[in-house]
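Biologist: Please take a close look at one part of this model, the charged side-chain pairs and the residues packed around them. What holds there, and how covered are the residues involved?

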Amino acid sequence: MKRFRFPLRPVAVLRAHRELRAREAFAASVHAYVQAEERLAATRARVAELAAVLFEGRGGTYLAADAAASFRAYRAECEEEVQAERAMFEAKAAMQRKREEYLEANRQLKVVQRLEEKARVQHRADSNRAEQAALDDFAGYRSARRPVFS
């Protein structure tokens, strides 16, 4: 039986490497997105904490310098929250792009894998057909060599 050789093997190898790189890039983008979400949650917690401190400070004596410093810190945290939210949205968009790239690379790899599987099935069928023909020929030769008794 002749050994199976897939002519598109180099293409399959290249597509497998491309799919692996796309999967790794997607995983890295998911990690970056999760970190951006965590930073945003931490920033929102700090903003809520500063808002609570500002609210509690209104009941006691009013010191303008302390109030101004607290308000500046609150505004800085609010600005940081906006930046963290933008970074999270950018990370999410990048993650979606990497996901689409990974899915496309995976589709391309699966196309070559299906072609290879079809070629293997065809090779097996051709090999089985050739083997059956050889067995039929052998059986025909054996029956032709037998003496006929009448």
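**Salt bridges and their surroundings**

Modeller: Arg46 and Glu77 form a salt bridge in which the closest N and O atoms are 3.0 Å apart (a side-chain nitrogen of Lys or Arg within 4 Å of a carboxyl oxygen of Asp or Glu). Arg46 belongs to helix H1 and Glu77 to helix H2, so this pair ties together parts that are 31 residues apart in sequence. Helices here are DSSP runs of H or I with at least four residues, strands are runs of E with at least two, and both are numbered from the N terminus. The model is predicted, so local features need pLDDT of at least 70 and side-chain atom pairs count only at pLDDT 80 or more, while totals for chains, interfaces and linings use all residues. Residues are numbered from 1 along each chain as its sequence is written, and side-chain values use heavy atoms, with hydrogens and water left out.

Buried means under 20% relative accessible area, exposed over 50%, and partly exposed in between, with a 1.4 Å probe and protein chains only.

In total, the structure holds eleven salt bridges. One of them joins Arg107 and Glu104 at 2.9 Å, N to O. These residues are three apart in helix H2 and therefore separated by about one helical turn. Arg107 is partly exposed at 45%, and Glu104 is partly exposed at 37%.

Glu116 is also in helix H2, which covers residues 64–145. Its salt bridge is with Arg120, with 3.2 Å between the closest N and O atoms. Because Glu116 and Arg120 are four residues apart in helix H2, about one helical turn separates them. Glu116 is buried, with a relative accessible area of 12%, but Arg120 counts as partly exposed at 33%. Arg9, Glu116 and Arg120 are linked in a network of salt bridges.

Apart from its neighbours within four places in sequence, Glu116 is in contact with Phe4, Phe6 and Arg9 (contact means heavy atoms within 4.5 Å). Three aromatic pairs are found in the whole structure. One is Phe4 with Phe6, stacked at 6.5 Å centre to centre with 15° between the planes. Rings of Phe, Tyr and Trp (its six-membered ring) pair if their centres lie within 6.5 Å; planes under 30 degrees apart count as stacked, over 60 as edge-to-face and the rest as tilted. Phe4 and Phe6 are both buried.

Phe26 and Tyr102 make another stacked pair, 6.1 Å centre to centre and 0° between the planes. This pair links distant parts of the chain, with Phe26 in helix H1 and Tyr102 in helix H2, 76 residues apart. Phe26 counts as partly exposed at 21% relative accessibility, and Tyr102 is buried at 17%.

Ser29 also lies in helix H1 and is buried, with a relative accessible area of 9%. Its C-alpha atom is separated by 7.0 Å from that of Lys98, 69 residues apart along the chain. Leaving aside neighbours within four places in sequence, Ser29 is in contact with Ala94, Met95 and Lys98.
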